[in-house]
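Welcome, and let's take a walk through this structure together. Have the model open alongside the text as you read.

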Amino acid sequence: MSTSVSSSAQIRRSRTLDKLITAEDLAPGGHFIDGAFRAGNSGAVTDVVDPCNGEPITSVADGTVEEVDAGVAAAVAAKRQWGSLVPKERSEILHRIADRLSEHSELLARIESANTGKPFMVSEDDVAGTIDTFRFMAGALRATTSLAAGTYAAEHLSLILREPLGVVGVVTPWNYPLLMGAWKIAPILAAGNTLVLKPSEQTPLTTLKFAELVADILPPGVFNVVTGRGSIVGARLSDHPDVDMIALTGSVNSGRAVARGAAESLKRVHLELGGKAPVVIFPDADLAAAAKSLRAAGYWNSGQECGAACRVLVHNSVADRFTELLVREVNTLKVGEPGAGPEIEIGPLTSKGHFDRVVGYLERARRDGIRAAAGGAALEGPGYFVAPTVLVSVPDGAECSREEIFGPVITIETFETEEEAIARANDVPFGLAASVWTEDARRSHDVASRIDAGTVWVNSHLVLANEVPWGGFKGSGYGRDLSIYALDDYSRTKHVMHNRGR
Ligand code: NAD
């Protein structure tokens, strides 16, 4: 590991010996199938590690194909009854889940911080977002109606019905374990489906706690969790003939794997994959506002964020000024363990493997002559901490500005013309999110419409709401989380035509 001389970041360590969580805080180990926890039958486990020091917290079962099959069988058995509840009944259950999560919000935030290393401000935001997702879906499901009922062929009355898909397989990532779970679970249940969820093997603790908390609210079999590896549990969910859709939030490679697995049974696929969000800054932009916004949007959750503002394209004429403002902002970020206090803004990266990957990008950038104006390397000491980094004078096509680093790293490139800015913003395989910074309304409307991303912010970045859809284009996948678009994705449309001729 190399350390940076240019970094002003220091890791704040927890001054107390208190652990964030105790064994009693955690859900029972094992899988959650048909309303109860059951021990894994393979005997194999994966350690769950504290990223602040690399020490194991606990371990979880490595699920088998047979255990996935048991989870799917439970979900199949439960689907008719769950799917036939009227919207009001399902809505009330989702509200009860939101109430239960609210009652345990502090505990959920502590477990999430202990498992991922997230600062409390991030975990608390995740838990609040999780609760709001259930409340939104509880309301939205009651407001959904079918498109039309009418006569479109002589003497025939058409009804268009919205139905659940059946059983949905869900695979979630490690960066927002509870929140990404909620983004799937809430609309899937709201639309009347049952599900089997596989959390990331690195961060399963809040998902298991969620299962424990809702066990007496949801009927058995409606929600099931099988822990374990993507290559076994995720792959079986993808190719299982009784699973009607597979929904994954994760990397592009995992997206390809589940889509291949789903091909044989022709099940539906819903993919939220990676991103490399361009931030296009025009000369008339409020540069100070942009720098302040990127302080959060580039580094929130240590940059382990698919929509992170990680790739700045700034006009030549204001590049030096903007860089100076951004570096000043970044050097004020407070890095540390979650237990070191509520003011901590940046935690460690979540796993050793991911830490090595991010440090590798920084080392190769330095070898290629790219300068770090802030940070640029790992921070000394135990844990997977990387200094908040700004890489400057990045040439067009550099690896660090094209590939998803998924760490606390912003790259800065410059452009001369608007056409060039748009072309380069679109010249990556991803299309999840982007932002445009200008005071010119005509330009912002036009440029936003020409950027190939599922979300484009104007004079802002990384602001989300449950009412609006989230999802990507191109290599960032397809399907939408949040909003009524997610309810649509987890529903199917049926046309019933009555001959009323007499
Ligand atoms: P990952 O793809 O390594 O893992 C995600 C999940 O997929 C894990 O549960 C993993 O076990 C599983 N998996 C791995 N191989 C699989 C296979 N062959 N079949 C089925 N499942 C498999 O991703 P990650 O490292 O956990 O998460 C980071 C990635 O997720 C980043 O690329 C990030 O951009 C993306 N992400 C996207 C969004 C979004 O909304 N678009 C949100 C969060 C994260």
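## A helix crossing

Helix α2 passes helix α6 in a right-handed crossing. A crossing is called left-handed if the near helix is turned anticlockwise from the far one by less than a right angle, and right-handed if clockwise. Helices (H or I, at least four residues) and strands (E, at least two) are DSSP runs, numbered from the N terminus. The axes of α2 (residues 87-103) and α6 (residues 205-214) come within 10 Å and cross at roughly 115 degrees; axes are lines fitted to C-alpha atoms, for helices over the stretch in contact, and angles run from 0 to 180 degrees between N-to-C directions.

On the α2 side the contact (heavy atoms within 4.5 Å) is made by I97, R100 and L101, and on the α6 side by F210, L213 and V214. These residues divide into five nonpolar, no polar and one charged. Here Ala, Val, Leu, Ile, Met, Phe, Trp, Tyr, Cys and Pro count as nonpolar, Asp, Glu, Lys and Arg as charged, and the others, Gly among them, as polar.

## How to read the model

This is a predicted model, in which local features need pLDDT of at least 70 and side-chain atom pairs count only at pLDDT 80 or more, while totals for chains, interfaces and linings use all residues. Residues are numbered from 1 along each chain as its sequence is written, and side-chain values use heavy atoms, with hydrogens and water left out.

## Two nonpolar cores

Which residues have the most contacts inside the largest nonpolar core? They are L94, I97, F134, L189, F210, L218 and F223, in a core of 55 residues. Helix α4 (residues 120-143) gives the most to this core, with eight residues. A nonpolar core is a set of buried Ala, Val, Leu, Ile, Met, Phe, Trp, Tyr and Cys residues joined through side-chain atoms within 4.5 Å; buried means under 20% relative accessible area, exposed over 50%, and partly exposed in between (1.4 Å probe, protein chains only).

Another core, of 49 residues, lies apart from the largest one and includes A319, V330, I346 and V390.

## The seven-stranded sheet

An open sheet of seven strands runs in the order β16-β17-β18-β14-β13-β20-β21, with mixed pairing. Two strands pair if DSSP finds at least two bridges between them. At the edges are β16 (371-374) and β21 (455-458), each pairing on one side only, and the twist averages 25 degrees from one strand to the next. Five bridges join the parallel strands β13 and β14, where I281 stands opposite V314 of β14. Three bridges join β17 (residues 389-392) to β18, again in parallel, and V390 stands opposite I410 of β18. As for β14, seven of its seven residues are buried.

Helices cover parts of these strands. Helix α13 (residues 418-426) lies across β13, β14 and β18, running at about 145 degrees to β18. R424 is found in α13 and counts as buried because its relative accessibility is 11%. Leaving aside neighbours within four places in sequence, R424 is in contact with R311, L313, D396, E413, T414 and F415. In helix α9 (residues 287-297), the buried residues are L287, A290, A291, S293, L294, R295 and A297; what covers them includes β13 (277-281), β14 (309-315), α10 (319-330), β18 (409-415) and β20 (433-437).

## The three-stranded sheet

An open sheet of three strands has the order β6-β7-β23, with antiparallel pairing. Why is one side of β6 and of β23 left without a neighbour in the sheet? Both β6 (149-153) and β23 (491-499) stand at the edges with a single partner strand each, so one side of each has no neighbour there. The twist averages 35 degrees from one strand to the next. Nine bridges join β7 (residues 156-164) to β23, and I160 has H495 of β23 as its bridge partner.

## A parallel pair and a helix residue

Strand β11 (residues 245-249) runs parallel to β12, joined by five bridges, and T249 stands opposite E272 in β12. Four of the five residues of β12 (residues 268-272) are buried.

A235 sits in helix α7 (residues 230-239) and, at 32% relative accessibility, counts as partly exposed. Its C-alpha atom is separated by 9.4 Å from that of R260, 25 residues apart along the chain.
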